[in-house]
Amino acid sequence: MNFLYVLDYSIILIIIGLGCSTGEDNPVQHDYNPVTKAPPDPPYDVTILACTKHSAVITWTSMPDINSPIQKFHVEYNHSLSPDVWTRAATVSNELVNEVNVELRPFASYNFRVIAENVIGQSEASVPSASVCKTESQVPDKNPSNVRTDTSKPGWLIVKWDAMPEIEHNGPGFRYKLAVSKDEHITNIEVNDWRETTREIHTGFVNEPYLITVAAVNDVGECHVPPVEYLGYSGQGVPGPVKAVDIIERGADFLTLKWEAPEETNGDLIGYDIRYAKLGGTRVFQLEVDNVLNNQILLNNLDANQKYWVNVSAKTRQGRGEAFQIESQTLPVHDATKKTKKSTPATTPTPRATGSSVPYMYETTSSVPYMYKTTSSVPYMYETTSSVPYVYNKIRLPYTLLPSLYNITIQPFVYGDNPKDFTFACEVVIDLDCIESTDYILIHSMDHNISYISITNKTGTTELVDWWYIEDIEMVQIRSLYTLTAGVHYTIYIRSVSRMSESLRGFYYSPYKEREQTKYIFTTMMEPTDARRVFPCFDEPDFKAVFIFNIKRKEELKSLTNLPKRLTVGPDNDGYYTDIFDEPRNVPMSTYLVAIAVGDLDYLESTVNNVTFRTWCRSKQTNKTRYALEIGMKFMEFFEDYFQIPYSLPKEDMIAVPTMSFSGMEHWGLITYRESKMFYEEGISSLDEKEGIAIIIAHEVAHQWFGNLVSPYWWDDLWLNEGFATYMMFLAVDRVLPSWNMVNKLIVEPRGVHNVMQMDDDTFTSHPVYVHVDNPDEINRIFDLISYAKGGSVIRMMNFFLGEDTFRKGLTRYLRKFSYKTATHNDLWSSLSEQAVIDKHTYTDVKAVMDTWVLEANYPVVNIARVNSSTIQLTQSAFLETEEQRVTRSHVIWKIPFVYTTDVENNFDKTFADITWISNKTAHVTDKKLENVDWIIGNIQQYGFYRVNYDDDNWNALLRQLRTDHTVIHPINRAQIINDAWNLARAGLLDMQIALKTLDYLDVEYDFVVWKSALRELEYMRSLLQLTAIYGHFERFMRERLEKTYFHAADAVDHYNRLQYSMVSKIACKIGLKACIDDAMDVFTAWMQDDNLSVDPDLKETVYCTGVEHGDEEAWNHVLSRYFASESTSETNFLLHALTCTQKPWLIMRLAEMLFHTDIFSKTEKVSVMIDLSDSPVGRLLAWHILEENWDTILKQYGDNINLISGIIFAAARPFNSRSEVNLVKSFIDRNTNVGGFKGEFLGVIDFVEGNIELMDTHYDTIKAWLTAELN
Ligand SMILES: [Zn+2]
């Protein structure tokens, strides 16, 4: 509550009242003078009227109302031992009351005071003129807690407990009474000072049990509650040296030694440590014997005829005793041929190298910092790992230690000219809770030069450790000298220096040009497994922890992380400032969500629901982020409302980065985007780009809940993150911007239903949505369309069969239940089922349905057949592109929520109440509504992730309907009819003639979604027919179908139809629609002549491309020079695309030369050039040639980025449709040893091309006949 605010407000009212009142206007009459603004005089005659065992009565007299009426009296007391601390005992709100009874604690002396208060403020305090109230004594009301023992001192029992400072519990003569008993014998000890909390008792015994109690006692007596008994042990020490060590057998490559146990054990021995090394050598090997009865060991794999030193020490839990050292020599080879031992006894552990050349130092002293300087860069350590067999070898972390807090200090050294020299220093302090006792810490680390590691235990003792790097599993294995004990808290400190990454993974530099100067933004991309490249960490999503950052940077740079910056200190002597970021103690996050950004940055800011929302980018470009800011805030508001859960952090930053491997990344509180996916410029960017920006931002903001608040337990449920964010992005854009009609468009979007259905109909390219993955490569590969788009599509289907209300409430239930934790898809099904039960839903077993869609690859086709006039039979079977593949999946049954309508019913607004579940191979629907119908359509609005096939009569009736009045059918179902028909025909399940005829009526179709669906097939046909004799026919057919919609869309002004115009004109110009080419060339010619003329952004792609295609070399050169001159990302994208539109082979080869032999283009630009090239008749002939010629360069530049490289491979080969072209690919991979890790991508492309060939073989004649008929 804001007291000052109320006060100010009343004063303002008073002043306003004075300023404008004539008395009549202001009926409120004050009975005091409001101008006298003073607190009241203090009360007087404060008296302690009575003082009893537990209370006192205080009275006072107040002054007359000189100023304004007194509103309150505050009675406060202090304690004689802390006279400055006043505690408020009572507040009286009635001016006429001047006596209170104050409750007090026993045994204490109290003083009192009284303060008066009016609307202006408080009086001074008045105290009684005499007497102090002393309450009566009693026994303490509790005993000390947390009694424990410390076993660090052999022969001593050290008892500790928590102090009882609360004075009121203690009473006169307060003391602690310890009772220590063993075998009926009890020792009592009293500790008189309450601040003393430890007692050392000499017992003479090591590791002996004692029963201990600590009671609170005062002069009145002992606490009524008996103290809790605690079983503690007397301390043990490190053992003395072993008595003797002898070599009992020698060979050329082994020594066997034997020793005698130490005389002084100082506790229970738990084993022996053996260290040995070649005399004068640097590699020290270590063995452990954990059986105290075993006092013999074999050292093998030694070098012949060499002198070795060996030392043996005994261990208790307290530590390792002094070593007994001997030296011995192995035999020369000829002396030892008969004695060589081949195997190691089972009881003997295998030797391993230690993490440093100076392990001996670790024993002799606990702090040897100067030693580490000599080994500050220890890359040679990594080499030794090949000969270290005693290592952890699992890809997943053990659940022995859980991180709770990371404190990370990062200092980039990025101020020179050559980015290859950029490095960063990192210090990480991690708080760990030990869950299971262990000697080892396993922590992910990749590409770091670690120079120092230490562990601090509960007593604050810091221990230096051995460590080694295990390349295969990207971990450092750290060995503690003492066992880390379950239930105890440890801190690990790691210092390293690392190279700033050139690839787009880990902590990388992202270059951009500013007035001829190259500058950089330094940022991170950690998903899925690259946090380990930024700092050593427990890099699995389930190891959530809190992250605190300190970033050191020079004055000209700014730094950002997931949380707001708290303060900046500095500069230090080297001119570095340190930005210190907030500590979100209550927001643990997965490592992959952590982010850092450093650079010459600037921002725009706004606030939404108390969250500071900023958009960042390189300086001087912030205007381009204004749209992102506006739309981002709307999505934030939408999701807070939709999920009914507020956003978790105090701020949300979104930053545009010049280069990035993904379009966006949902780091919690610091979302990163590729510049082209965040920059929007009115008049320059197209509507398509605008839509792309809105979609990606909605996606990343959705992740702040789905993924960040609740994260996947492991990467096999990646789809849960991505599928949800994908579905939610469409939903959010639709709700926030309804005129865009995104719920219809999601069918044909790149991450929509049709696109992924085409990928998922092949056992070779597809996989189940939920997929088992282990290593980083496998994890990286599932960031694909299946996880995103099929994930999103099956969630959309789930939304349909649960209904909006249950779906939304179920999500909220799930997100609340697993907030700040991780979950699996089964957890989500449970939450949704719980909600369905609460809502009395007709269908509640979510898992039973979803398992069939999520655990199985591919999807079904439902065949609808008439049984009689009122009954249809529904038969499901796996839909795959070949019969061969269908057979392999014929056993799979999906649970299908089927809905349909007919020409008579004509209802395209179905709900879950209309569902017929198909749970077996077949199902039947009997309904009077089916009588006398002309056609049936299944899968209304394509809510279900399945195709529908009909008998020929029904297909023909649908074709007739499209011709006579297509608007009767919902646009989504029109798009579905085309998409289903074509895919069924390609798979041989439908006559190709029917598929072709679904395109006949397009001359009267104006809808964007339907056209997009049709163009998918038409563009595919165009690319296949491009080099055939009937291509001229095809172009003519296309021109006839496109003409009307081209002119219709040209007049449109709304978003939806402008997009239609933009899309249709691209293809219209390509297939030679004269009006389109004329329009485009007019604009292009004008643009060539006038540098200031700006082309309508939605037509730019068409205008530039058409201009280059129909223009000469000068046009191409002009576009290239405009590319160099432009600073706008979207403009350069259009210009770059236009360069690929030329049909002059030598210009394409000029482009190819620039592509792979200069650094003019960014990595992502190069990939899009390759994709665009293969779209034109000449370019497609050259794209593969360019890939072959430049493969080594491509590998060098993209080798670590699977997404980009598979994009290039696919681009180069995708239009191939002849045997000779397949052979090109085959012979390339046979010939080239360098395709290594990407063979799968090449084989995928071969598979795709073979599909093209088969299609041409099977359907060419049909297509030819149909085109001929259409054109007559
Ligand atoms: Zn995502």
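A: Buried here means under 20% relative accessible area, exposed over 50%, and partly exposed in between (1.4 Å probe, protein chains only). This is a predicted model, in which local features need pLDDT of at least 70 and side-chain atom pairs count only at pLDDT 80 or more, while totals for chains, interfaces and linings use all residues. Residues are numbered from 1 along each chain as its sequence is written, and side-chain values use heavy atoms, with hydrogens and water left out.

A disulfide is taken as a pair of cysteine sulfur atoms within 2.5 Å, and a search of the whole structure finds 3 of them. Cysteine 51 is bonded to cysteine 133, with an S to S distance of 2.1 Å; this link is right-handed, with 80° about the S-S bond. Because cysteine 51 lies in strand E1 (residues 44–51) and cysteine 133 in strand E7 (residues 133–135), the pair ties together parts 82 residues apart in sequence. Strands (E, at least two residues) and helices (H or I, at least four) are DSSP runs, numbered from the N terminus. Cysteine 133 is buried at 0% relative accessibility, whereas cysteine 51 is partly exposed at 38%.

Cysteine 1069 and cysteine 1076 are also joined, their sulfur atoms 2.2 Å apart, in a left-handed link with -100° about the S-S bond.

In the disulfide of cysteine 1105 and cysteine 1141, the sulfur atoms are 2.0 Å apart; the link is left-handed, at -105°. Cysteine 1105 lies in helix H25 (residues 1100–1110) and cysteine 1141 in the loop between helix H27 (1129–1139) and helix H28 (1145–1157), so parts 36 residues apart in sequence are tied together.
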